[in-house]
Amino acid sequence: MDALIYLSMDNAKTIINVLKAVQFRDLATVFATANGLKITVEDAKCIQGNAFLHAELFREYKLSKDVISFKTNINVLIDCLSIFGMTSQTSSTSLIMTYKEYGSTLDLLLEENGVVAECNIKTMEAFEVLDFDFSGSSSADKIIVKSECMREAFSELDMSSEILELTLIPPPAAQPRLRFTTYGLAGTMHFDLPRSSDQVEVFELRSAAPRVARYRLSLLRPATNRALSMATRISLRVNERGFLSMQHMINLADGQAAFVEFFCVPDEDDGEQSGDDGTLSRTAQPPDVQSTSLAGVPMSDVERQKRTQTVWDPDWSD
C-alpha cells in the first residue's frame, strides 16, 4: 500500500527556520494537499500561525489522498530536522519524510556527509482548527509593505504596552496611512506609515471611514519576533469584524519563497468603528470564528474542494 505522504528534499535546513516561526505551542496540525504542506499552531483560540511549504520546495512530493491531516509535536519535529546542527552552511541535510497511514508515526530519514539518522515521531488525529475565512470577506482592508518598515515600527513602539492599536485611515483624508499605537510605560507612542511611502506596495482600504482595531501584544509576539526578522514583505489584512491577518513572505536560500501567516482576534474591548460623523465608536466583540474539522473522513467532491481551499489559502497578491 502506498504511503499517505511521501516527500523528499535536498536540504531540510531551508525549512527549519520557517517552522520555528510558528513554534509557539507544542502541538501542530499538519495538512497536506496537492499545493503543499501547511503547518498550523494555535493558542487559546486567539492566535493562529500557519507555515506554508509549497510542493515545489520538495524534490519529490506524493500524496495518496486529496487532503491528509494529523497532529504532531512541532518541537520534536524541528529537533529531528536539525539533528545534524544548523551551524554549518556548507553542508546540506537530505530528507525523506513518510506518513504511511492514519495513526502511524511520521518517519524521517536524514543524511548529511554520509551519516544517516532515522526518526519516528508520534502523531495524533487532527480534530479541529479555527477557520478565519478571510477569503470570503469582501470588505477586508489590505496593505502590503516591505519588511524593513515593520521591523522599524516594532523596534520604536513601547513593548510594555498590553495593547497594540491599529488604525487604517483611507482617502479622502489629507494623509491616508496605517498607524500603530501603543500605551505603555513611556506613554502613548505612534508609528505612522503613509500611503505615499516607498515602503508601501499595496494600500487597499474598502471602507470610506477609518477602521480601528486593538490586539493583545502578547498574542502578536510570534508574528513580530522570529517571523518578522526573516521576512522580506508583509501583507496586513483587517476584516469588518476586526480580525487581523499578518502574512510574511520569506525568501529561502535556493531562490524560492515560503509563507508564514498569523491570524489574531481583536481584544475583547475592541470594535471601534467610525460613525457617520467621523467619530470613532465601539461595537460589540465579534463572534467566535468557526472551527473546521479535517480528519480523514469520507467527503463529497464539492466538500473536498471547499476544504482544500480552506486548508491552503495563502492570499498573496499585488
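## Exercises on helix packing and salt bridges

E261 and R237 are both buried, a word used here for a relative accessible area under 20%, with exposed meaning over 50% and partly exposed in between (1.4 Å probe, protein chains only). The model is a predicted one, in which local features need pLDDT of at least 70 and side-chain atom pairs count only at pLDDT 80 or more, while totals for chains, interfaces and linings use all residues. Residues are numbered from 1 along each chain as its sequence is written, and side-chain values use heavy atoms, with hydrogens and water left out.

### Exercise 1

Step 1. A salt bridge requires a side-chain nitrogen of Lys or Arg within 4 Å of a carboxyl oxygen of Asp or Glu, and in the pair of E261 and R237 the closest N and O atoms are 2.9 Å apart.

### Exercise 2

Decide whether each partner in the salt bridge of E201 and R233 is buried or partly exposed.

Step 1. The side chains of E201 and R233 meet at 2.9 Å, N to O, and they connect strand β16 (residues 200-204) with strand β18 (residues 233-238) across 32 residues.

Step 2. E201 has a relative accessible area of 36% and is therefore partly exposed, whereas R233, at 15%, counts as buried.

### Exercise 3

Describe how helices α1 and α2 are arranged and which residues meet between them.

Step 1. The axes of α1 (residues 13-20) and α2 (residues 74-81) come within 10 Å and cross at roughly 155°, where axes are lines fitted to C-alpha atoms over the stretch in contact and angles run from 0 to 180 degrees between N-to-C directions.

Step 2. The two helices, α1 and α2, are therefore roughly antiparallel, a label for angles over 145 degrees, as against roughly parallel under 35, roughly perpendicular from 65 to 115 and oblique for the rest.

Step 3. From α1, the residues I15, I16, L19 and K20 meet I74, L77, I78 and L81 of α2, with contact meaning heavy atoms within 4.5 Å.

Key:
Helix = DSSP H or I, 4+ residues; strand = E, 2+ residues; numbered from the N terminus.
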